Each structure stands twice: as structure tokens, then as C-alpha cells.
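Work through the exercises below with the sequence and the structure side by side. Try each task before you read its solution.

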Amino acid sequence: MIGYMDTLGDEIATARRRANLTQEELAARTGLSVRSIRNLESSRVTRPRPATVRLLRDVLGLPAHPAPARIRPMQLPLEIPGFTGRSAQLRQLDRLLDGGPRRMSSVVVCVLSGRSGIGKTALALRWAHRSAARFVDGVLHVQLGGSDSRRPAVAPAEALAGLIEALDVPGGIPCGPAARTGLYRSVLAGRRMLIVLDDARDAEQVRPLLPGVPGCMVVVTSRDRLTGLVVGEAARPVVVDELAAGEAWELLAARLGERRLTAEREAVRQIIAHCAGVPRALAVVAARAAVAPRLPLAEVARQLR
């Protein structure tokens with residue numbers, strides 16, 4: 001963990017170099033010894049005199065008190081356990097992050113689309129958790145509620161308020177949607193961040209939440225293909241489809257154990273066929289079997305018919 005003296009020493013050394021001063025020249029300007037400056041910059045002095053720190057800050061044009069460290073948001077929800085498959089889609093996301101002709105010239109936007117329960121969110125979270133360390137300024141996550149029939153989808157202005165708050169922007173949140181979008185994009189400029197927009201309703205809900213300058217990547221999940229984003233913002237579409245039979249087996253094995261599955265292979269085959277490669281359906285069946293460990297899988301399969 002970086003302590004106060006490490007930060008102070010780095011701050012003084014950085015400001016001295018920015019001013020094109022040697023340690024000897026800084027010593028001459030402040031009246032301090034070269035040894036004192038060297039010890040401060042190397043953090044050998046654990047308790048420098050306040051007057052010495054004030055003098056150095058004044059000569060180097062530094063603020064009287066150092067700015068607090070910027071918060072690095074990490075808003076990802078818990079990764080869904082038992083994730084399996086999706087190797088092709090994960091490679092597509094990796095390629096978007098790793099390179100391509102647009103890597104440094106625009107914001108990278110990817111749309112994960114597919115039917116309800118197909119595992120779009122699970123895929124997005126799997127990749128985001130795996131890649132989070134590569135986004136040095138953090139990861140933002142917004143649940144947009146586009147497919148929730150019980151309540152209206154999250155308005156862009158409401159989503160922006162949460163994003164601005166997560167970015168710890170001083171001065172409060174502007175009232176108007178356009179002002180919120182402008183502030184959000186201004187704060188993101190120069191940062192390398194991942195923004196996960198989960199369960200988008202349509203392109204109009206997403207557009208105000210896109211960064212305005214290169215450096216960030218946005219992963220959107222939606223039941224809709226969001227063709228408007230593909231056309232207007234050159235978003236890269238990634239289709240999330242049904243799991244193959246082997247991947248469905250791996251999902252069940254992760255939740256029920258390989259031994260239980262191999263003991264009733266035919267029942268498992270019937271369960272996989274009934275669930276048609278839909279991860280949520282497989283998870284529901286697995287939960288039913290997990291809470292009743294003595295219930296034969298053949299009986300679970302029979303109940304599904």
C-alpha cells in the first residue's frame with residue numbers, strides 16, 4: 001500500500017522535473033540541503049517538518065494540500081457461478097479490446113444480443129471481470145431495465161446521474177439531460193474505462209451513455225439487436241445463442257457435480273434436450289435438483305415432460 005511519504009516524495013520529484021530543476025537547483029532556491037531533498041524524494045524521511053513541506057510546495061507551485069486520490073470505480077456485480085461455453089464470443093470481445101483498425105480512433109462499442117434467458121448478462125460479466133484489470137480507470141455498470149415489464153426502463157438522464165455520481169464528480173449533478181451527457185463525456189475524456197450497459201431497451205436509451213472520445217469500451221446487452229447502434233455508431237454485434245449439448249452438460253455439472261450426472265446419463269440427456277440450450281432454463285432445473293439431492297434426475301426429467 002502506498003503511504004503518505006511515498007506520495008509526497010513522488011509529487012515533489014515529479015514537480016521538480018516538470019520545472020526542469022535538478023535537486024541542487026531546488027536546494028538553492030529553497031535553502032534546503034541537497035541531502036534533505038534527496039531523502040524527501042526517496043521517502044527516507046518519515047516525518048518531514050511541516051514548514052519544509054510548505055516551502056517546497058510554494059517554490060514548486062504545488063497546492064498547499066495534495067488533491068485526494070481519484071476513486072477507481074469497480075461496479076461489476078458478482079460474476080454468475082457455473083459459467084460455461086461462449087468461447088467464440090469471448091474471443092470476439094478480446095479481439096475488440098486488443099486491436100483492430102478502430103482501436104485508437106474511436107470508442108469501441110459492442111452489442112451482445114439474444115433471447116431472454118440466453119446468458120447475455122452472464123457473458124458480459126464473465127468477460128468484464130476477466131478484463132477489468134486492463135481498464136486502469138475502472139469499470140462502470142448500469143442496469144437499464146429494458147426488458148422489465150413490471151416497471152419503465154431507466155431513463156438516460158437517470159442513468160447518467162448514477163454514472164456521474166460513481167465518477168465522484170465535484171459540483172453536483174446538472175439538471176438537464178444534455179448537460180449531464182456533456183459532463184459525463186468530459187469526465188471520461190482521457191480515461192480508460194469499461195462501461196457495461198445491461199438490458200438496454202433500444203438505441204435511443206444507449207446513445208447518451210456512450211463516451212465521446214476514444215479510450216473507453218462499452219459492452220451493451222439487449223434482447224434487441226440494436227441495429228441503430230450498429231449503423232450509426234459502428235457498434236460490433238455479437239450474437240448470443242443456445243449452448244451446445246456439451247456446454248449444457250458442463251453447466252449442470254458445475255452445479256450438481258459430475259458424479260451425479262454420469263450416474264444418470266439418459267436423464268441428463270433428456271433434461272438438456274428439454275431446456276434447448278437456454279442457460280436460465282438449465283439453471284432453474286439444476287436448482288430444483290440441487291435442493292433435493294436424493295431426487296433422481298430421471299424424476300426431474302419426467303416432471304419436465
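The model is predicted, so local features need pLDDT of at least 70 and side-chain atom pairs count only at pLDDT 80 or more, while totals for chains, interfaces and linings use all residues. Residues are numbered from 1 along each chain as its sequence is written, and side-chain values use heavy atoms, with hydrogens and water left out.

**Exercise 1.** Describe how helix 11 and helix 14 are arranged, and list the residues in their contact.

Step 1. Find helix 11 at residues 245-256 and helix 14 at residues 279-290; helices are DSSP runs of H or I with at least four residues, strands are runs of E with at least two, and both are numbered from the N terminus.

Step 2. The two axes come within 10 Å and cross at roughly 30°. Angles under 35 degrees count as roughly parallel, and helix 11 and helix 14 are therefore roughly parallel to each other.

Step 3. Contact means heavy atoms within 4.5 Å. Helix 11 contributes Ala248, Leu251, Leu252, Arg255 and Leu256, and helix 14 contributes Pro279, Leu282, Ala283, Ala286, Ala289 and Ala290.

Step 4. Sorted by class, the contact has ten nonpolar, no polar and one charged residues; Ala, Val, Leu, Ile, Met, Phe, Trp, Tyr, Cys and Pro count as nonpolar, Asp, Glu, Lys and Arg as charged, and the others, Gly among them, as polar.

**Exercise 2.** Where are Asn20 and Asp168 found, and how accessible are they?

Step 1. Asn20 is in the loop between helix 1 (4-18) and helix 2 (23-30). Its phi is positive, about 60°, although Asn20 is not a glycine.

Step 2. Asn20 counts as exposed because its relative accessibility is 66%.

Step 3. Asp168 is in the loop between helix 7 and helix 8, with a positive phi near 55°. At 47% relative accessibility, Asp168 counts as partly exposed.

Terms used:
Axes fitted to C-alpha atoms, helices over the stretch in contact; angles between N-to-C directions. Parallel < 35°, antiparallel > 145°, perpendicular 65-115°, else oblique. Buried < 20%, exposed > 50% of the residue type's maximum accessible area, 1.4 Å probe, protein only.
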